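Here is a set of exercises to work through with the model open beside you. Try each task on your own first, then follow the solution step by step.

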Amino acid sequence: MSDEQLSTVPQMLEESDPGFLTLTMQPDDYYDVLRGVMRHGSQNDTPTIMVSMSLSEMALRNTMEKLEEPMGHVQLIDCMSEMVMSPKTGTSRYVESPRLLEMVLLAIERGIRGSDGPCFIIIDSINSLIMHNSRERTMAFLEVLYNRVNLAGHKLALLHLAKDDDGLSIPNLRLISDRTLVIE
Amino acid sequence: MVRPAKRLCTTGIEDLDLLLHGGLTRGSLTVITGGMGSGRSSLCYEFLRRGSSMEEAGALMTSIAKKLYEQRLPPCEFNEDEVFKGITVSDFVSEDHVEPESFSTFIDGVVKTIRSGSHKRVAVDSMEQMVEWLPESAVAMGMRRIQEAAFDEDVTVVITCGMASTAELQAADCVLALGMKPVGPDAMRTMEVLRCRGGMQPLSVYVLSFGKEGAMLTRLMEGSDE
């Protein structure tokens with residue numbers, strides 16, 4: 001993705017109202033979109049909470065460091081380090097597994113309560129959510145999250161890697177989110 | 001019917017107050033049931049401590065020594081010197097096979113604390129061992145006395161017990177049932193509102209968590225894990 005394309009992600013997020021957004025991308029663009037969403041938080045000085053169900057904390061921090069993308073403004077909720085036995089820095093909130101969705105919700109809630117004003121929440125990703133949880137539990141989780149986000153004017157970005165066989169058709173995600181942004 | 005706001009006792013636990021449509025009724029009796037480790041003491045403490053931070057003095061009557069009680073509490077935002085700020089703590093010895101006369105003396109002590117006029121919130125943690133061998137009539141009588149005193153003095157009372165007897169459940173204005181849901185090698189604490197002010201409550205089960213910021217709840221996700 002070119003720098004110009006990269007800047008479109010924070011721009012698209014900036015133009016979106018608070019609510020539940022799905023960001024659909026091709027797998028090759030994953031890291032660039034990740035940079036873009038983090039950049040949106042830092043550009044707007046918005047408290048940013050990121051739930052990582054794909055990468056462990058160390059993997060994410062090392063990657064962002066190599067890409068020279070600051071993460072200091074991000075409150076990270078790491079759902080992977082315990083599962084993959086990756087070292088932790090102790091600066092994030094940790095959930096033992098991406099299957100403990102209630103704990104993820106509580107960690108998000110603690111992050112929201114510890115912040116001033118509306119937050120920008122990133123869920124990485126619906127693909128990982130569905131991989132670790134049943135469809136029923138995933139939908140229940142998204143429903144609770146949707147209500148919480150809408151009540152207080154937060155903005156939530158749900159990352160979606162579009163693959164041919166993932167069973168997560170874009171029309172379905174359009175049903176659960178307020179707006180779907182397709183990154184091309 | 002909407003109750004006037006001044007008749008509600010905000011627990012100070014935001015999520016719980018939402019579930020209870022504003023809080024517990026002032027001058028009411030709430031029973032918290034649950035097994036060991038389910039969070040009864042922590043919830044009691046949260047109720048008293050949040051009340052203290054809202055200028056409502058509390059009294060904790062505990063069946064274990066104060067220092068041991070403090071060790072049970074999860075890490076919270078209050079520093080070591082302030083853990084029991086605004087809370088008067090007294091311990092009582094809870095024996096097995098308590099006779100009805102001894103139980104009556106114990107109830108006298110609880111009623112005296114409620115009627116002292118010094119506290120707006122009182123927690124008794126717990127009566128479990130004490131009532132285990134007593135006839136239901138004795139337990140019902142004791143609970144009724146506590147309930148009357150609470151109503152007269154406008155003091156909100158919380159009592160914890162294990163598997164609550166019918167007498168305890170029937171006497172209470174509100175019943176919160178705590179439990180543990182096994183999750184792999186660990187467990188999640190759960191909470192249900194079985195009754196509140198005589199009304200029907202939603203049937204959802206909630207996950208209860210204690211952290212530095214205090215107690216929080218979220219809905220237990222339905223659906224199987226597979």
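**Exercise 1.** In this predicted model, work out the strand order of the open sheet in chain A and find its edges.

*Solution.* Start with the order: seven strands of chain A line up as E4-E3-E2-E5-E6-E1-E7, and the pairing is parallel. Next, look at the two ends. Strand E4 (93–94) and strand E7 (179–182) of chain A each have a single partner strand, so one side of each is left without a neighbour in the sheet. Finally, see what lies against the sheet. Helix H5(A) packs on the sheet and touches strand E2 (48–52), strand E3 (74–78), E4 and strand E5 (120–124) of chain A. The direction of H5(A) makes about 165 degrees with that of E3(A).

**Exercise 2.** Take one pair of strands from that sheet, E1 and E6 of chain A, and describe how they are joined.

*Solution.* Strand E1 (residues 19–25) and strand E6 (residues 155–161) of chain A run parallel and are linked by seven bridges.

**Exercise 3.** Now turn to chain B and describe its open sheet of nine strands.

*Solution.* First, the inventory: chain B holds seven helices and eleven strands. The open sheet has the order E5-E4-E6-E7-E3-E8-E9-E10-E11, with mixed pairing. At its edges are strand E5 (87–91) and E11 of chain B, each of which pairs on one side only. Ignoring direction, neighbouring strands of this sheet are turned by 25 degrees against each other on average.

For an example of parallel pairing, go to strand E3 (residues 29–33) and strand E8 (residues 174–183) of chain B, which share four bridges. Here Thr30(B) has Cys174(B) in E8(B) as its bridge partner. For an antiparallel example, take E10(B) and E11(B), joined by six bridges. A hairpin connects E10(B) to E11(B) through two residues, and Phe210(B) stands opposite Ala215(B) in E11(B).

**Exercise 4.** Which strands of chain B supply at least two residues each to the side that touches chain A?

*Solution.* Begin with the count: the contact takes 17 residues from chain B and 16 residues from chain A. On the chain B side, strand E9 (186–196), strand E10 (206–211) and strand E11 (214–219) each supply at least two residues. Sorting that side by class gives six nonpolar, five polar and six charged residues.

A helix of chain A belongs in this picture too. H5(A) packs on the chain B sheet, touching E9, E10 and E11 of chain B, and its direction makes about 130 degrees with that of E11(B). As for E11(B), five of its six residues are buried.

**Exercise 5.** Find the residues that touch the most other members of the largest nonpolar core.

*Solution.* The core has 100 residues, and those with the most contacts to other members are Val51(A), Ile77(A), Val104(A), Ile121(A), Leu156(A), Ala157(A) and Val157(B). The largest share, seven residues, comes from helix H5 (residues 101–113) of chain A. To see one member in detail, set aside the neighbours of Ile77(A) within four places in sequence; its contacts then include Val51(A), Val95(A), Val104(A), Ala107(A) and Ile108(A).

**Exercise 6.** What confidence does the predictor give to chain B and to the complex?

*Solution.* Start with the chain: the mean pLDDT of chain B is 84, and 87% of its residues reach 70 or more. Then go element by element: helix H7 (residues 166–171) of chain B has the lowest mean pLDDT (72), and strand E6 (residues 121–125) of chain B the highest (94). For the complex, the predictor gives an ipTM of 0.79 and a pTM of 0.84.

Notes
Residues are numbered from 1 along each chain as its sequence is written. Chains are lettered from A and ligands numbered from 1 in the order in which they are written. This is a predicted model: local features need pLDDT of at least 70, side-chain atom pairs count only at pLDDT 80 or more; totals for chains, interfaces and linings use all residues. Two residues are in contact if their C-beta atoms, placed from the backbone, lie within 7 Å. Ala, Val, Leu, Ile, Met, Phe, Trp, Tyr, Cys and Pro count as nonpolar, Asp, Glu, Lys and Arg as charged, and the others, Gly among them, as polar. A nonpolar core is a set of buried Ala, Val, Leu, Ile, Met, Phe, Trp, Tyr and Cys residues joined through C-beta atoms within 7 Å. A residue is buried if 20 or more other C-beta atoms lie within 10 Å of its own, exposed if 12 or fewer, and partly exposed in between; C-beta atoms are placed from the backbone. Two strands pair if DSSP finds at least two bridges between them. Axes are lines fitted to C-alpha atoms, for helices over the stretch in contact, and angles run from 0 to 180 degrees between N-to-C directions. pLDDT is the predictor's confidence in each residue, from 0 to 100.
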